[in-house]
Amino acid sequence: HSLAVESAKHMDLQQTVEKSLLKAAEAVEEHLDAELDRLDHADADELDRLRDQRLRQLKKQTEQKRELIAKGHGQYVEIADEKEFFAQCKDTARIVCHFYRTSTFRCKIVDKHLSELARKHVEAKFVKLDAEKSPFLCEKLHVRVLPTIVVFKGGKNEDRLVGFDDLGGVDDFPTEMLEWRLGKSGVIDYTGEKPENSRKTQKKTVVKGKRSVRGGASDSDDSDDD
């Protein structure tokens, strides 16, 4: 007899739970139906207004991009001398400048990554400047190790990357690592997560000594085991 009572109680409890779940499901369904109905009967004028606003934004962005490309954005170019550099700073809101030396291997690595980023991030201008032809700038900006990337916003020096220390300290860092680092400085529009380097065993960039050359900069690839 007691087993029958317990069984009956269990069935009642199960039915109560099932009813509660069914009621909750019906409530969710009613809410979804109401939302769908609201969207179906949305004010046509309001939808048209939002659509027109979005189209205007896209048109403005396209025009701005076209103007920037006309000013030399979208490509990675070399600046001839310091005079041209100052002219660029006056005319450009955001600049990524790579101070390089032809004989420095790691400068060629930077060239490869910046060429790719220049095409992707038209909002900034990507340039390179021979450190040996710009002694005044190297002194003023304290460029001591090559490669050095200096970020300018509104004509002011805002940030710098010296060697590859900020990029994982390895030669084969992904372009996304440099993109992330430049995004942190605000010179490009990028808010992605910091990527992982594919290799952790590659030697670090270790600077050794200072070479007395015009431009006053030493190579980041003058490492202890070279």
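This is a predicted model: local features need pLDDT of at least 70, side-chain atom pairs count only at pLDDT 80 or more; totals for chains, interfaces and linings use all residues.
1. Is M177 buried or exposed? M177 is buried, because its relative accessible area is 2%, where buried means under 20% relative accessible area, exposed over 50%, and partly exposed in between (1.4 Å probe, protein chains only). M177 has its place in helix α6.

2. Residues are numbered from 1 along each chain as its sequence is written, and side-chain values use heavy atoms, with hydrogens and water left out.

3. Now the overall layout. The protein chain holds 6 helices and 7 strands; helices (H or I, at least four residues) and strands (E, at least two) are DSSP runs, numbered from the N terminus. Along the sequence they come in the pattern α-α-β-α-β-α-β-α-β-β-β-α-β. Of the 226 residues in the protein chain, 36% are buried. Among contacts (heavy atoms within 4.5 Å) with a separation of 6 or more, 67% are between residues 24 or more positions apart.

4. In α6, 9 of the 11 residues are buried, so the helix is largely enclosed by the rest of the structure. The buried ones are T175, M177, L178, E179, W180, R181, L182, G183 and S185. Their cover includes β2 (94-100), α4, β3 (125-130), β5 and β6 (156-162). After α6 comes G186, which has a positive phi near 85 degrees.

5. Next, the nonpolar cores. A nonpolar core is a set of buried Ala, Val, Leu, Ile, Met, Phe, Trp, Tyr and Cys residues joined through side-chain atoms within 4.5 Å. The largest one has 22 residues, and those with the most contacts inside it are L114, F126, I149, F173, L178 and L182. Two or more of its residues come from each of α4 (105-120), β5 (148-153) and α6 (175-185). The most come from α4, which gives 5 residues. Setting aside residues up to four places away in sequence, L114 touches Y76, V96, H98, F126, I149, L178 and L182. A second, separate core has 18 residues, including C89, C97, F99 and V127.

6. How do α4 and α6 pack together? Their angle is about 60 degrees, and their axes are 10 Å apart; axes are lines fitted to C-alpha atoms, for helices over the stretch in contact, and angles run from 0 to 180 degrees between N-to-C directions. This angle makes α4 oblique to α6, given that angles under 35 degrees count as roughly parallel, over 145 as roughly antiparallel, 65 to 115 as roughly perpendicular and the rest as oblique. The crossing of α4 past α6 is right-handed, a label used if the near helix is turned clockwise from the far one by less than a right angle, with anticlockwise giving left-handed.

7. Which residues make that contact? From α4 come H113, L114, E116, L117 and K120, and they meet T175, L178, E179 and L182 of α6. The contact residues divide into 4 nonpolar, 2 polar and 3 charged; Ala, Val, Leu, Ile, Met, Phe, Trp, Tyr, Cys and Pro count as nonpolar, Asp, Glu, Lys and Arg as charged, and the others, Gly among them, as polar.

8. Two backbone details deserve a look. Most residues other than glycine have a negative phi, and most peptide bonds are trans. The peptide bond from L146 to P147 is cis, with omega near 0 degrees, and P147 sits in the loop between β4 (145-146) and β5. H142 is not a glycine, yet its phi is positive, at about 60 degrees. H142 belongs to the loop between α5 (135-140) and β4 and is exposed, with a relative accessible area of 53%.

9. Finally, F86 in helix α3 (residues 82-91). F86 counts as partly exposed, because its relative accessibility is 33%. Leaving aside neighbours within four places in sequence, F86 is in contact with F136 and L137. The C-alpha atoms of F86 and G155 are separated by 8.5 Å, and the two residues are 69 residues apart along the chain.
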